[in-house]
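Here is a set of questions about labels and the values behind them. Each answer sets a value against its cut-off.

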Amino acid sequence: MKRGEREQAVRRVMERAVAPVPPELCADAVRRGDRLLRRRRLARRALWLLACAAAVAFAVWAATAQPWVEPPSQTTPPVTDW
């Protein structure tokens with residue numbers, strides 16, 4: 001398709017009558033958008049709450065288990081009387 005043909009095709013599409021839009025379309029779109037934003041906000045808050053709960057659970061576990069402390073050796077008894 002040459003440039004002139006493309007321009008004519010575009011002009012024909014643009015000159016067509018605009019399809020009528022239902023009057024309730026805007027209100028429906030606003031309602032759906034609000035619902036979507038509420039769901040996203042709720043999901044974001046739930047994920048933050050879950051992340052904070054996981055951080056607190058990890059901190060409590062780390063404080064009680066102390067995984068950074070080396071466990072005592074159980075292969076040989078400690079040497080005391082030399």
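Q: How many residues apart are Phe58 and Trp61 in helix α2, and what does that spacing amount to?
A: Phe58 and Trp61 are three residues apart in helix α2, which means a separation of about one helical turn. Helices here are DSSP runs (H or I, at least four residues), numbered from the N terminus.

Q: What kind of model is this, and which limits apply?
A: This is a predicted model, where local features need pLDDT of at least 70 and side-chain atom pairs count only at pLDDT 80 or more, while totals for chains, interfaces and linings use all residues. Residues are numbered from 1 along each chain as its sequence is written, and side-chain values use heavy atoms, with hydrogens and water left out.

Q: How many aromatic pairs does a search of the whole structure find?
A: The search finds one. The ring centres of Phe58 and Trp61 lie 5.8 Å apart, with the planes at 40 degrees.

Q: Why is the pair of Phe58 and Trp61 called tilted?
A: Rings of Phe, Tyr and Trp (its six-membered ring) pair if their centres lie within 6.5 Å; planes under 30 degrees apart are stacked, over 60 edge-to-face, the rest tilted. The centres are 5.8 Å apart and the planes stand at 40 degrees, so the pair is tilted.

Q: What makes Phe58 count as exposed?
A: Its relative accessibility is 54%. The cut-offs are under 20% for buried and over 50% for exposed, with partly exposed in between (1.4 Å probe, protein chains only). Trp61, at 42%, therefore counts as partly exposed.

Q: Why is the contact of Glu7 and Arg3 called a salt bridge?
A: The term needs a side-chain nitrogen of Lys or Arg within 4 Å of a carboxyl oxygen of Asp or Glu. Glu7 and Arg3 meet at 3.1 Å, N to O. They are four residues apart in helix α1 (residues 3-15), so about one helical turn separates them. Arg3 is exposed at 59%, whereas Glu7 is partly exposed at 33%.

Q: How many salt bridges does the structure hold?
A: It holds two. In one of them, the side chains of Arg31 and Asp28 meet at 3.0 Å, N to O. Both residues lie in helix α2 (residues 25-65), three residues apart. Arg31 has a relative accessible area of 48%, so it is partly exposed. Asp28, at 25%, is partly exposed too.

Q: How exposed is Arg40, and where does it lie?
A: Arg40 lies in helix α2. At 48% relative accessibility, Arg40 counts as partly exposed.

Conventions: Helix = DSSP H or I, 4+ residues; strand = E, 2+ residues; numbered from the N terminus.
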